[in-house]
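The sequence and coordinates come first, and the discussion follows.

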Amino acid sequence: SKHHPAQPLYDLKDVEKMLPPHLFPRVHRSFIASISKIEKVEGNMITIDDSIIPIGKNYKENFMKLLG
């Protein structure tokens, strides 16, 4: 039998539609962040639990507006 890579149940666009955008904004084409878990925003980076997540240039303006 051939092995096939696992396919995700949902793509990120589907997950994004299921979550409230004011609590879970899309911050990068590969990331959705939980506002309540963000420890620091510095330049184009977010820190959550010692992980650094980039803020994509296409998402930064909306994300920064959301933060106020």
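Three salt bridges are present in the structure, which is a predicted model.

| Pair | N to O distance | Relative accessibility |
|---|---|---|
| Glu 16 and Arg 26 | 2.8 Å | Glu 16 29%, Arg 26 13% |
| Lys 40 and Glu 42 | 3.5 Å | Lys 40 43%, Glu 42 52% |
| Glu 61 and Lys 65 | 3.4 Å | Glu 61 56%, Lys 65 57% |

The salt bridge between Glu 16 and Arg 26 links distant parts of the chain, since Glu 16 belongs to helix α1 and Arg 26, ten residues away, to strand β1 (residues 26-28). Glu 16 counts as partly exposed because its relative accessibility is 29%, whereas Arg 26, at 13%, is buried. In the pair formed by Lys 40 and Glu 42, Lys 40 is partly exposed and Glu 42 is exposed. Glu 61 and Lys 65 lie four residues apart in helix α2 (residues 60-67), a separation of about one turn of the helix; Glu 61 is exposed, and Lys 65 is exposed as well.

The secondary structure consists of two helices and five strands, arranged along the sequence in the pattern α-β-β-β-β-β-α. The radius of gyration is 14 Å, well over the 11 Å that the globule rule gives for 68 residues, so the protein is more spread out than a compact globule. Along the principal axes, the C-alpha trace spans about 50 × 25 × 20 Å, and 21% of the 68 residues count as buried.

Three of the strands form an open sheet in the order β3-β4-β5, with antiparallel pairing. Its edge strands, β3 (40-42) and β5 (51-54), each pair on one side only, and the twist from one strand to the next averages 25°. Strand β4 (residues 45-48) is joined to β5 in the antiparallel sense over four bridges, and Thr 47 has Ile 52, in β5, as its bridge partner.

On the surface, Leu 9, Tyr 10 and Met 18 make up a nonpolar patch whose accessible area is about 390 Å² for the three together. Tyr 10 is located in the segment before α1 (12-18), and Tyr 10 counts as partly exposed because its relative accessibility is 46%.

Definitions and conventions. Residues are numbered from 1 along each chain as its sequence is written. This is a predicted model: local features need pLDDT of at least 70, side-chain atom pairs count only at pLDDT 80 or more; totals for chains, interfaces and linings use all residues. Side-chain values use heavy atoms; hydrogens and water are left out. Two strands pair if DSSP finds at least two bridges between them. Axes are lines fitted to C-alpha atoms, for helices over the stretch in contact, and angles run from 0 to 180 degrees between N-to-C directions. Patches are made of residues with over 30% relative accessible area and no salt bridge: like charges are joined within 9 Å, nonpolar side chains (Val, Leu, Ile, Met, Phe, Trp, Tyr) within 5 Å. Accessible areas come from the Shrake-Rupley method with a 1.4 Å probe; for residues, only the protein chains shown count as cover. A salt bridge is a side-chain nitrogen of Lys or Arg within 4 Å of a carboxyl oxygen of Asp or Glu. Buried means under 20% relative accessible area, exposed over 50%, partly exposed in between (1.4 Å probe, protein chains only). The radius of gyration is taken over C-alpha atoms; the globule rule is 2.2 Å times the number of residues to the power 0.38.
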